[in-house]
Amino acid sequence: MMPTSTKGILGHFCGPDEALAAAAKVRDAGWKHFDFLTPFPIHGMEEAMGQKRSWIPYVTALLALGGILFAQGLQNYVMVFDWPMNFGGKPHASWPAFIPITFEAMVFWAALGTALVAIIAGKKDTVPQPPPMVIETGATVDRFVVWISATDPKWNPDEALAFLKSIGAQGVRLVDAEGGAHA
Amino acid sequence: MTRLETSPYATVMDDGQLTGHPIVLAGKGPYGGDLEVDEPLVTGGKTWAEVDRDICMHTEQFPTKRWWMAFAVAATALAIGTFAMLMLFYSGMGILGINRPVGWGSFIINFVFWIGIGHAGTLISAVLYLFRQQWRTGINRAAEAMTLFAVACAGIFPIIHLGRPWFAYWLVPYPNARGPLWVNFNSPLAWDIFAISTYGLVSLAFWYIGLLPDLATVRDRATHPWRKKIYNAMSFGWTGSHRAWRHYESAYMILAAFATPLVFSVHTIVSFDFATSILPGWHTTIFPPYFVIGAIFSGFAMVITLMTFMRGYFGLTNYITTNHMEAMAKILMLTGLLVGFAYSTEFFMAWYSGSEWEGFVFKNRAFGPYGWAYAIMFTCNAIVPQIFWWKKMRRHAWVLFVVSILVNVGMWFERYVIVVTSLHRDFLPSSWGMYALTRWDYMILLGSFGLFFTLFLLFVRVLPVIAISEVKGVMDPKVARSAPTDAAPAAGMRR
Amino acid sequence: MSRRKTSVRILALVVGLVVTGSLAYGLSNARKGYEPRQPILFRHTRMAGDPVWARNEKGEMVNTGGFGIPCVYCHTMPYKGRHSTVPSTVVCMNCHGTVGLSKEWVLKMKEYWDRGEPIPWVKVHDLPDFVYYDHSAHLNARNEKGELKLPVKDAEGRPMVVCENCHGRVAQMEIVRVTTPFNMQWCLDCHRKPEMKASTDCVTCHR
Amino acid sequence: MKRNETSPHPEALEVDRREFLRVGGALAAAGALASAGCRQPQEATVPFHDMSEKLVDGQGQPRFFASVLDGSPVLLRTREGRPILVAPSPDDASGRGTTLRHHAALMDLYDPDRAPGPVWVRRGKGAPVASAWTVVTSEVVPRLAKGSAVLLTGPVSSPSLKAAIAEISAKTGLVHVAYAPLESDAVATAWLRAFGDARVPRPRLDKADLVVGFGAEFLDDPSDGLERDFALRRAPGGGAPMSRFIQLEGRLTLTGANADRRIRVRDSELASVAAAVAHAVVIGQRAGPLANDAEVAKALAPFAPEVVAKRAGIDPSVLTGLAAELAKARGRAVVLAGGTASASPSGETLEMATLLLNLSIDAFGAGLFDEAAAEAPRAGGARALAALADDLRAGKVATLIVAGANPVYDAPASVRFAEALAKVSFVVSLNDRVDETAALADFLAPASHPFESWGDEALPRGLFAVQQPAIQPLYDTKGLLDLLVAWGAAAGVPGAVAAAVAATAPAPGAAPGAPAPNPNPGWHYLRAHWGRTLLGREPGTPAFEAAWNAVLRDGYLQGPAPAAAPPRRLAVPALALLGSLPEAPAGLELQLYPHFALRDGRGANNGWLQEFPDPVTRISWGGAVSIAPRRFDEMKLANGDLVEVKAGEATLIAPAYRHAGMHHDQVAIPLGLGRSACGVIGNGIGPNAFPLRAISGGRTVSAGIPVTVRRVTGREELAFAQGSDVIDRDRRPLVPATTLTAFEKDAKAGTEQAKGGPSAWPEHRFPDARWAMAIDLSKCNGCGKCVIGCQAENNIPVVGRRGVLDRREMSWIRIDRYYDAPKKDGRWGAEVWDGPLAVVEEPQTLFTPMLCQHCENAPCETVCPFVATMHSEDGLNQQIYNRCVGTRYCANNCPFKVRRFNFWEYSTAKTSALFRALDRRIGRFSDLNTRGLMQMKNNPEVTVRGRGVMEKCSFCIQRIREARAAATRAGRKKDHFADGVVVPACMEACPTGAITFGDIHAPGSRVAALAAHPRAMKLLEATGVKPSISYLTKVRHDKA
């Protein structure tokens, strides 16, 4: 039996095309808790890994709406209701003057919100057990790393080892918490 | 991000071999026809690993002498400007050149100038991204950084141009115990606050999102534990997990989609500062497009200036190739034409409107006491860039550099002409006057350049000046891939 | 998320709120609670307060309360001009030339008088110099029905001097204290009351 | 990081406590900062120590004093005992007018360069040392008693002072010499010889249909108040028909600028031209009582119009035409002279010819001269001064007392007064500072400012005014009358003088604790003198006190009517004056005219006056050599290039100025500048032209002086308060102006302008009051008293020469002066602005008082992000200084450029030597605005603006608010005030009633009527800003 502290299994490919092909194989083999770590995004990887399209655009839409409402609300409240004043003979609700800020506020809320959400999403949306940071995967250099987490329902070290080798992954090895690797 | 399908025959080239034309491969096309393939965006047959080294190197080794010299110059300029600013705060606006007819002077000119500069970055990264312009990857990182620093410079001026800068915070509509007394949302200056701050922060977010994977790269190459920690924190522990890439890409696309209209809106609103007034020469509907074009124009000029430096100092010719420079030269030429068109349109309208006030302002602009400024502006902006009709010139480093400098000068004078000539002779002849910068104006202008270059020099020291992950994305894997090995990967290429 | 982290975050949040709150309050220029010490412990309670008759140790009925002197006896101008003036020392001497000469503070006052020096009172109800408040315009303001705009009864319906609307029940203060915010917000709160029909033009107070 | 869900973490709580303590501390700190740091500082409120019950109701209220200054009645507004405003006396029966010096007198009163007390000046040998009155008195009195003393004063018009001097002279043989640098005796001589009576009656310009001026300057020196009468007939539709004013002159004066027709004749030719016109009237037209007078015909014979016109270089028909007009307007016309031209060698002839003209057109018979208001012109006393100088040189004078005169500065060079002064054994000056003359004296015994001391004044029409002080002397000074009386008494002068001094001592056996008598001998003397001469009662008697108080309240007393002048019958010998006509200089001639604001230079240390731009040249802080445009161009000069003026042996180097309308053969330089010892503000400002003057025939000659002008290297920038001179009204209809002919055809003539498009927005309602102003350009003569009045009322700082050069003037109201460009020059925008010769050689001058227009759709309001300027419910464009942060956007967007920005901190002294060194300008502003007691002049009802703040005309909001408060106090309505309830400072100061202010919603409001007047025009309609100020057309009477 393997030591309980095993976190998962690791292997890598040297090119995006292999990675893409491999991803499809992993998905078809029924693995759930797997992930690919790549130096740059690979077109079509979502499908290959069987992931849904990102939900971020919906968040953005909401934020944009919020921005518009906030700006219109603030400007009308200030200029019309709270302390209406006569500026150069213009009506209190001189709506054309409110357009620029409304637009800017929409962009402000939407864009910054999106950026924030994206960063958080990037942190949260991982396999239950990502590869420990201590491991030098080389995924930021030129390796296209595949990772199967030990939490996967059909987890079995030997099977996983065999499987990754079978799809042509290199440097396949099990990884434990401290990042130590076992062939 | 799509990957460029380049032909294996064209992948390994040096910058010198680039022609700017597609490579025609006789008989390699479908049905035996010719095949045209673009020249590679990254030359020198670089591998992905080498890309890391070439680019991250500059954040890792001790600064060169040239860097120190440049930094010293920039820092001195900054110090001079800071001193002038302290003097300004002590004694008031009196030390400046502004007066009664000309209530706005060098500060507003500099403000518009820097905001203009700040437009190229986001434009390059957002608009060119939406238009799938692959060549942007070589320059967008530096261009975006430039945007941020330019906006930072610009942001200073509206504050210090106030008579009582310590009350600048009254511009923010916050609940207060004065009634509450808010701000006047009819005023373009109130719009400015929102526009500039939005632009600054969104550009920052856009730039930083793009930076995340590269920060991780730097982290993984780092040897010192602290350096590792810091860059890890900055990259929010980026691993390259494709589940993150998924959100990342979608977010980046959205940001690009928002940044694009933002770019146009910001300078539009800045132009409102003038366009919504009743002053002949300011009160013009053409101003929004005119200002936006001008901004893109000056921005690209500044990018060319900086890129020339970077190519030279960091030997990044393989990533910022002559093709990149030529592409920018083309944009410069086009926007130059548009700006020239705007100038002529103004005159046409002045004549066509039949308004005495309008007509006089433009006569006075071109032939009045400030004709010299108008001449500088027109020559540098509308005429000089036309040299780029010659491909040879577009691809000539020095020509590019000189033209870019001239264009920046011209664009500063464009703002000078707009602000000063409209104000100095308006409705009542009795209140006419002249305007001249004082030594304090010059010192603060100098200081703003000092700030800009100080920030930029610091940036090139600590952050990857080229978007590594994006560049990798557009390289040909067949060339860039590393040799297959079963060994556990060593993190990064250690020196 | 550990308990510690949570607690610290909550604490930080609270602190943040409190700090911003107090800063906001500070920036609001609210003068409420301002209670400077005066060169002479002048007791409005004694001068303007209601009389309280009690037997002293010698068994005589004495007034241990105040003399109920109306405000305008000393502060002469509020109905006639912008300022409700501070009395010159001679006003004190009207009575204290003869009475109360055993009292410590009266003697202190008399010293000033003899030295021919004015008494450097500390301004309690102090508006910024760019505010042009006009006492007379407020005290004489009447509505269509011809009754004073300023209330002469307090919230509980007890009768009060008009002055107390802004200055509080000075007659009951040992040491005069600002009992109202005394900032622009407070001015406007009253000016905006529909029944006041008061102008909210800036030039009403600022010139 | 490592985490273990199961471990209970015992340390967490601990950490929390530490955290808590830390943030607790932070919180406390922040709280303290917030509550303490943002509090206002503790302020003291210091009451009177012992207040007179008279003052109880006066606290925080203005108190007014009727007084008299330089011969003109004025009303002093004081607050808490300090004068804060000088206004013309509202009910002045004397007809005297005020000059800028009257309105700016506050600056003289609070002038920090006044001597703080007696000074031992030591003849300029060694630094002056502070002295004491006892010392000065002990030095002066014995010498005064010894005799052979001379008292040198300016013109003395105070009866009691005259009497005191007379008494002293009678006892001690004190010789009194009066010298007035600007007065020329030509007028007096001519009238004396013509009528045997030097008194000159007051021309009734309000009665004249035709006024002809031969170098007349009644608008340049309005102290005789003619401008008021003149204005009554300058606007059409004012009951009586418009009067026509024709001016012949060499330099374009303010008077000439207001003429309907202006004929360029240089000063030395004016006399013969006037005679020629007389010739044409008497002989040519055979008109008037003199028509058949052989003597007159003989005297006029040499002045045939053709001959004269040829010499003067004008068309003879001009003269004959003028004569025809005069003849036609017989009995309705009046001819004036008496300007600087009368101070030319041919001055008497000019005056004489003028007299002949007036006689021949029946001006006297038809009552166009108010004999009741006749007064003797002030004596110039040049001859006396010259004689005095000789006596001094001859050592005939042992003691010289100088009071109110400064001959070392303003005597002609030929007098060599300074050198003569050195010969006197003892000199004491009674001037208010160590000026040029006092610097060479032994002692300075500073006299108080008229606002600090008692005196009186004899006014026209038999009026007498009391000069009552409004404030105790600010420094250790004594009133002039007090001094002379005290010294006289001490020198053993008996009678009233002695009595007055005796009265200052407590009465023998007076009850202890009884009020001490007034310590000022002058006061006693004054009252005694009035008792004797006017009130006919002894001071102290109830009747006297009642009458006296009445005088103090009204400011004047109607005394006995002056002796009637003899019937104006011409004394034949006087005609000889026409014979003795000196030859006009062949080449260039020089005119030395009094600076418009500074006059003889006594007010040279007055920032308001120095900064006031000359209404014609628009030069402030200095003066220039005015050269005719064509000659200027021929000499290839630019404004500010230095030229050397050589008159006789005297030379002067000064910047040149292209003076529109100047006669080709004449140059002019203002007098009263270039003081060297008047104080920090005025020292070394401009050139001193006094030495260029000569004395001939016992008169100071300031015109017709032959000169040569040549260019020398160097420049001195001129501080122009205006950008461009010329306006092309076809393209820029900014000044409504037309001719009477056009006006009679169409009353709206001159107000044509492009209309604006429709407004996108509905209008705002102004339910109650709606303040507005109307300015009648036909009445406005550009004198600029409104400017000074506003500056005083609204605490407007002085920016100094540098500030004007930087175009940073602060005054809220300015008088734009334009030369109207005829259509032909309007072709090509840029050209007009250089002042083409066709425009500036024969200029049509237009004046426009320009102040905040309080636009209904104010462009400044829209663009201010800080809510610092917006509209009030009564239609005012509010500017809130304490909210203003200074974006200057409003000023940019103001089409009238009437908003003023505080570029510097004018109200506090910046003392840091370092920063003064870094930018020298910083120091200058505190010198100009904050030294010494200067800020005592500030109006407590108006905020003193700090640096970085925008300001502008508020329609004197403080006065509007006070009126509303007063209405509330009285239980009256707070809106719809009748005319005159609210009067802004400019309107109050305006002598001609050109400015009307009021509430257009008030029933029967005048301003509403004027706004609806066909002559009314609101500027820049095309921009849609809708100003609240209506300008009424300037109508030029062009009908001969």
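Author: The contact between chain D and chain A takes 13 residues from chain D and 11 residues from chain A, where contact means heavy atoms within 4.5 Å. The area buried between chain D and chain A is about 1000 Å², and carbon and sulfur atoms give 66% of that area; buried area is the accessible area (1.4 Å probe) that two parts lose on being put together, summed over both. On the chain D side, D:Trp761, D:His764 and D:Thr862 lose the most area to chain A, together 55% of what that side buries. The number of salt bridges between chain D and chain A is 0, a salt bridge being a side-chain nitrogen of Lys or Arg within 4 Å of a carboxyl oxygen of Asp or Glu.

The model is a predicted one, in which local features need pLDDT of at least 70 and side-chain atom pairs count only at pLDDT 80 or more, while totals for chains, interfaces and linings use all residues. Residues are numbered from 1 along each chain as its sequence is written, chains are lettered from A and ligands numbered from 1 in the order in which they are written, and side-chain values use heavy atoms, with hydrogens and water left out.

Chain D also meets chain B: 62 residues of chain B are in contact with 61 residues of chain D. Here the buried area is about 5300 Å², with 59% given by carbon and sulfur atoms. B:Tyr90, B:Arg100 and B:Leu428 supply 15% of the area that chain B buries against chain D, more than any other three residues. Between chain B and chain D there are 4 salt bridges. In a salt bridge between these chains, the side chains of B:Glu356 and D:Arg732 meet at 4.0 Å, N to O.

Over all chains, a search of the whole structure finds 101 salt bridges. Among them is the pair B:Arg221 and B:Glu60, whose closest N and O atoms are 2.9 Å apart. This pair links distant parts of the chain, 161 residues apart: B:Arg221 is in helix H6 (residues 188-221) of chain B and B:Glu60 in helix H1 (residues 48-60) of chain B. Helices are DSSP runs (H or I, at least four residues), numbered from the N terminus.

Leaving aside neighbours within four places in sequence, C:Val90 is in contact with C:Trp113, D:His49, D:Asp50 and D:Met51.

Definitions and conventions: Helix = DSSP H or I, 4+ residues; strand = E, 2+ residues; numbered from the N terminus.
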